[in-house]
Amino acid sequence: MAEWLLDGTLGLLLLGLAGGALLAPSLYAGILLFMAFGLVLALVWARLGAPDLALAEAAIGAGLTGVLLFAALARQEQAEAAATERRPLLAAALVVLPLAILLLQGLVPSLALAPDLPDSIRSHLPDSGVSHPVTAVLLNFRAWDTLLELAVLLLALLGARQLGPARFAVAAPWPLLQAWSRLLAPLLVLTGGYLLWRGSHAPGGAFQGGALFAAALVLLRLAGLLPALRWSSWPLRLVLLIGLLLFLAVAAGTAWLGAGWLSYPPAWAGALILAIETAAILSIAFTLSLLVIGEEPPG
Amino acid sequence: MSATLFYLGIGAALWLLGLFGLLGLRDTLRRIIAVNLMGSGVFLVLIALAARVTPTDPLLQALVVTGLVVAISATALALRLGGAARGRRGG
């Protein structure tokens, strides 16, 4: 009974906050509701037994997305009056309702299928070099996905750069924010590093840690304690690339000398995964924070 | 099993709500929020499916961890594109 109460509350909150984010009269309120949606979603991940996701969602979904959206809102010169017209909404509802029936008809039978992949993952776990199954999937069994994901992050950053400087205006920092961020940023970096180390045997890993690092960087930038990141400095470019480069080097090395593309020798797997994760956490942190706060135009 | 079914339904509803917003709303920022809601709906369906076995299916969880990071980078790029388009229109 108590479980149903929790599930029902979380589910209704999710739908209510999502509807509010779309339809709230002021855009400012919509963005706030969307951030709250991210936090409730993090709770839902924890409820559904996915603590890795809860960690990542709390940092990314609620924190960084919120900063991104508010920065975009500040860049809009005059917030467009929410002229919610009735006709397009009605038309959209007419499209969505029949889709709902089709979707549920398709989804519900998939609940009854029993997947055999979890067993196969569990049986190969001892050879993977780590003891946490999610990390094993991310960095060993499906390392290809993670490699391409780092490439996607880099492509998004390059695409954003093509559009010119982001004009991320930092207002005069507020003394309380400065004092707090001096305290919070080291804690965030410490927690991020701990998550990275913990990822080999428990929930955590490069993505969660990288998101926390990025949050620390954004916080310090907002408090005016960090000098603007400049694309022209080569250490920054190296940090942005190092995750992908090291991953590619390992992939090429295993293809050339070892058993094949990205199949690590079992004795080395743990060390290789830790090295890749350490490089990836730096790249993820700096790419995300550059995407969020942009870089200073040269000059 | 019933909690799984419940969250599967919520995930599908979120996806549809996002689609509704994407089709029916005009403002760029709201449309980007709507696409994000659609993404969250897909993630919720995946994780609900991951929770149908105990212990939870790690493959689907790993896919969603990847998806979260891709979603925020896509959002950042979309917001920049939206800003550039607004600048072009001269608003």
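In this predicted model, F6(B) has a relative accessibility of 23%, so it counts as partly exposed, falling between the 20% and 50% limits. W4(A), at 42%, also ends up as partly exposed. A pair of aromatic rings is described by how far apart the centres are and by the angle of the planes. For W4(A) and F6(B), the centres sit 5.7 Å apart and the planes are at 75°, so this is an edge-to-face pair. W4(A) belongs to helix α1 (residues 2–23) of chain A and F6(B) to helix α1 (residues 2–24) of chain B, so the pair joins two chains. Y7(B) gets involved too: ring pairs link W4(A), F6(B) and Y7(B) into a cluster.

Another edge-to-face pair is made by W144(A) and W261(A), with 5.5 Å from centre to centre and 65° between the planes. Here distant parts of the chain are linked, as the partners are 117 residues apart: W144(A) is in helix α7 (residues 143–162) of chain A, while W261(A) is in the loop between α10 (234–257) and α11 of chain A. W144(A) comes out as partly exposed at 45% relative accessibility, and W261(A) as partly exposed at 41%.

As for helix packing, the axes of α9 (residues 206–222) and α11 (residues 269–293) of chain A come within 8 Å and cross at roughly 40°. That angle makes α9(A) oblique to α11(A), and the crossing is right-handed. Sorted by class, the contact of α9(A) with α11(A) has 15 nonpolar, three polar and two charged residues. Among those meeting there are F213(A) and L217(A) from α9(A), and I284(A) and L288(A) from α11(A).

Key
Residues are numbered from 1 along each chain as its sequence is written. Chains are lettered from A and ligands numbered from 1 in the order in which they are written. This is a predicted model: local features need pLDDT of at least 70, side-chain atom pairs count only at pLDDT 80 or more; totals for chains, interfaces and linings use all residues. Side-chain values use heavy atoms; hydrogens and water are left out. Axes are lines fitted to C-alpha atoms, for helices over the stretch in contact, and angles run from 0 to 180 degrees between N-to-C directions. Helices (H or I, at least four residues) and strands (E, at least two) are DSSP runs, numbered from the N terminus. Angles under 35 degrees count as roughly parallel, over 145 as roughly antiparallel, 65 to 115 as roughly perpendicular and the rest as oblique. A crossing is left-handed if the near helix is turned anticlockwise from the far one by less than a right angle, and right-handed if clockwise. Contact means heavy atoms within 4.5 Å. Ala, Val, Leu, Ile, Met, Phe, Trp, Tyr, Cys and Pro count as nonpolar, Asp, Glu, Lys and Arg as charged, and the others, Gly among them, as polar. Rings of Phe, Tyr and Trp (its six-membered ring) pair if their centres lie within 6.5 Å; planes under 30 degrees apart count as stacked, over 60 as edge-to-face and the rest as tilted. Buried means under 20% relative accessible area, exposed over 50%, partly exposed in between (1.4 Å probe, protein chains only).
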